[in-house]
Amino acid sequence: MILTDTHTHLYLDEFKDDLDEVLQRCEEAGVSRFFLPDIHPDHTGALRSLVARDPDKFFPMTGLHPCYVDHDFEKHTDRVISDAKTGNFCAIGEIGIDLYWDKSTLDIQEKAFRKQVECAYENGLPIVIHSRESIDLILDILSTYDHRKLNGIMHCFTGTIAQANRAISLGLMLGIGGVLTFKNAGLDAVVATLELEHLVLETDSPYLAPTPHRGKRNESSYLRIIAEKLATIKETSLEVIAEITTSNSKKIFNR
């Protein structure tokens, strides 16, 4: 059984003291493929060092996270464009718009997002999208592009059934994480209506740990908890969930 974490930040400082132990727990849980979204140049070196440790297990993205978009964003998005041309990255991510932390930067967040989406189009790469309190806005933006060429993931999807179906119609898969296990979150009811072919699994570690670890540091081994919850909702086996969601990740990232 192979479980794939399509969104994990294992390169961050939260794991610097016990990464080997974390990865051992991942192995024991059946989690053996890790997709690493970039967020800002300050963390890029650590991300690439982790990839160098095992390029068949860790797969790098390049991107500028919306919470790091500032007056200097063009310098950073130019770096993303340069990275994309090398062929060494599996996606453009984590990109998007975040209206939870700071609405005042919406204008430049949208400019940075569009620039990176266009970079993905030009280089035939999928996009991995951060959409906190901005799902409809992002879907509106993406609808202005040729959806036949659109490929990627709505990371940490927590939207409605209508938003889910709209994202899927644009060519996106939905990243399902720890929120699926939260009591009263309502994501379970949304996921119950969706076909597994549209879903991938993620942890977003070290953030958004699933129940019963909610509020603590998340780690990729907890992906199994999310997969087990999804298996319960879909009335199928953990093995089926692992097989389908890992296959979906390969379709998106081509690795």
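User: In this predicted model, which residues is Arg 79 in contact with, leaving aside its neighbours within four places in sequence?
Analyst: The model is a predicted one, and in it Arg 79 is found in helix α3, which covers residues 73-84. Once the neighbours within four places in sequence are left aside, the residues in contact with Arg 79 are Asp 38, His 40, Pro 41, Thr 44, Arg 48, Thr 62 and Gly 63.

User: Is Arg 79 buried or exposed, and with which side chain does its own side chain make a polar contact?
Analyst: The relative accessible area of Arg 79 is 18%, and a residue counts as buried when that value is under 20%, so Arg 79 is buried. Its side chain makes a polar contact at 2.8 Å, and the partner is the side chain of Asp 38.

User: How are the axes of α2 and α3 arranged, and which residues of α3 meet those of α2?
Analyst: The two axes come within 12 Å and cross at roughly 30°. Angles under 35 degrees count as roughly parallel, and therefore α2 is roughly parallel to α3. The residues of this contact divide into one nonpolar, two polar and three charged. From α2, the residues Pro 41, Thr 44 and Arg 48 take part, and those they meet in α3 are His 76, Arg 79 and Asp 83.

User: In what order do the three strands form the open sheet, and which strands stand at its edges?
Analyst: The pairing in this open sheet is parallel, and the order of the strands is β1-β2-β3. Each edge strand has a single partner strand, so one side of each is left without a neighbour in the sheet, and the strands in question are β1 (3-5) and β3 (58-60).

User: Which strands does helix α2 lie across, and which strands does helix α8 touch?
Analyst: Helix α2 (residues 41-53) runs at about 140° to β3, and the strands it lies across are β2 and β3. Helix α8 (residues 223-234) also packs on the sheet, with a direction that makes about 115° with that of β1, and the strands it touches are β1 and β2.

User: Where does Ser 249 lie, and what is its relative accessible area?
Analyst: Ser 249 lies in helix α9, residues 238-253. Beyond its neighbours within four places in sequence, it is in contact with several residues, including Thr 4, Arg 33 and Val 200. Ser 249 is buried, and its relative accessible area is 0%.

Notes
Residues are numbered from 1 along each chain as its sequence is written. This is a predicted model: local features need pLDDT of at least 70, side-chain atom pairs count only at pLDDT 80 or more; totals for chains, interfaces and linings use all residues. Side-chain values use heavy atoms; hydrogens and water are left out. Helices (H or I, at least four residues) and strands (E, at least two) are DSSP runs, numbered from the N terminus. Buried means under 20% relative accessible area, exposed over 50%, partly exposed in between (1.4 Å probe, protein chains only). A polar contact is a pair of N or O atoms within 3.5 Å; within protein, one must be able to donate a hydrogen and the other to accept it, and residues adjacent in sequence count only if both atoms are side-chain atoms. Contact means heavy atoms within 4.5 Å. Two strands pair if DSSP finds at least two bridges between them. Axes are lines fitted to C-alpha atoms, for helices over the stretch in contact, and angles run from 0 to 180 degrees between N-to-C directions. Angles under 35 degrees count as roughly parallel, over 145 as roughly antiparallel, 65 to 115 as roughly perpendicular and the rest as oblique. Ala, Val, Leu, Ile, Met, Phe, Trp, Tyr, Cys and Pro count as nonpolar, Asp, Glu, Lys and Arg as charged, and the others, Gly among them, as polar.
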